Amino acid sequence: MAVYMTYSANTNKEDLTDVLTEIGQMDTPVFSGLKKVSAKGSYHEWSTYDYASAATNAAAEGATFSYSLPSSPARVGNYTQIFTKTFQVSETQRAVDPAGIEDEYAFRVQVALKEIGRDIEKALIQGTANSGATGTGRRLKGILAFITDNISTGTGTGRALSETELNGLLQDVYSDGGSPDWLLGSFRQKRAVAELASSNRRYVDGQKTFTSAVDVYESPFGMLQVDGDSQMSSDTLCALSKDMWAVAQLRPVKKIDTALTADAKNGALVGELTLEARADEYNGKLTGLVAT
């Protein structure tokens with residue numbers, strides 16, 4: 001059989017669509033959602049003050065005042081971390097016509113911006129403090145490491161999230177003076193929060209749409225926004241007082257067109273920042289939850 005087929009043809013044009021699909025979860029609810037403040041040094045500090053516990057306060061009539069030395073505010077700090085992303089595109093590649101990309105260099109800048117945002121998000125959540133040294137970068141301390149007071153580990157790992165345990169954690173946080181308004185967890189735990197309401201699922205839009213989503217959880221202690229984050233540990237759910245956290249920027253992320261070193265256009269993104277955690281006890285976390 002002498003049928004001329006595509007297997008033998010050398011001149012067929014490539015079938016390459018002019019649409020570029022970007023892959024990856026790039027949302028950054030912590031970095032994007034927290035208040036931004038200024039840092040003035042590579043070790044950023046802030047002050048916290050613990051009020052005295054409630055006491056039985058009943059003075060005798062005509063009693064003489066007595067005085068005690070008041071406690072001093074505590075100093076808390078965190079190291080700034082330097083984040084960088086570099087990109088280099090040859091002038092030839094900038095001159096050709098790649099599918100789905102109008103300007104290769106501008107595209108690489110956008111990719112770097114999204115990737116550095118995700119790197120920052122990971123550090124703000126999972127970071128462990130490191131003062132750095134010659135040749136070693138400083139590392140900031142993240143949300144999970146800062147929360148050491150209100151932690152619920154339940155009766156074992158791989159357990160299902162329950163309202164009893166969640167509300168018990170919220171009660172502990174409120175007892176310490178906090179007012180959590182944000183549930184932040186992995187997407188597995190966001191799903192688990194939605195599943196708490198499984199018996200109340202309903203159809204909407206004339207019985208055409210089935211809803212199984214929870215974006216706000218109304219607890220006995222108030223309303224909490226529910227967010228999933230790809231950088232959260234899959235078995236962890238945090239109850240946060242959002243106004244007790246901030247991103248302190250020593251150098252906000254910016255693009256730099258670096259020096260010409262080859263027949264290419266070079267660039268970099270550079271930023272330096274840290275996490276400000278104003279009150280550990282106003283937050284809490286559940287760990288060891290089912291992660292799959």
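Predicted model: local features only at pLDDT ≥ 70, side-chain atom pairs only at ≥ 80, totals over all residues.

Reader: Where is Ser234 placed in the chain?

Author: Helices (H or I, at least four residues) and strands (E, at least two) are DSSP runs, numbered from the N terminus. Ser234 belongs to the loop between β10 (222-228) and β11 (237-240). Its C-alpha atom is separated by 6.4 Å from that of Arg188, although the two residues are 46 residues apart along the chain.

Reader: Is Glu272 buried or exposed?

Author: Buried means under 20% relative accessible area, exposed over 50%, and partly exposed in between (1.4 Å probe, protein chains only). Glu272 has a relative accessible area of 5%, and is therefore buried. Ser234, by comparison, has 36%, so Ser234 is partly exposed.

Reader: What surrounds Glu272?

Author: Glu272 is found in strand β13 (residues 264-277). Beyond its neighbours within four places in sequence, its contacts include Ser42, Thr80, Arg138 and Gln249. A polar contact is a pair of N or O atoms within 3.5 Å; within protein, one must be able to donate a hydrogen and the other to accept it, and residues adjacent in sequence count only if both atoms are side-chain atoms. The side chains of Glu272 and Thr80 form such a pair, at 2.7 Å.

Reader: How much space lies in the largest pocket?

Author: Rolling a probe the size of a water molecule over the atoms shows where empty space is left. On a 1 Å grid over the protein atoms alone, a pocket is an open set of points where a 1.4 Å probe fits, with protein on both sides within 12 Å along at least five of seven lines; lining residues have an atom within 4 Å of a point. The largest pocket holds about 400 Å³ of space. It is lined by 20 residues, and Thr48, Tyr49, Asp50, Ala279 and Glu281 are the closest to its centre. Both β2 (43-48) and β3 (74-79) supply at least two residues each of this lining.

How values were computed. Residues numbered from 1 in each chain as written. Heavy atoms only, no water. Points joined across faces, edges and corners; volume = space filled by probe spheres on them. Contact = heavy atoms within 4.5 Å.
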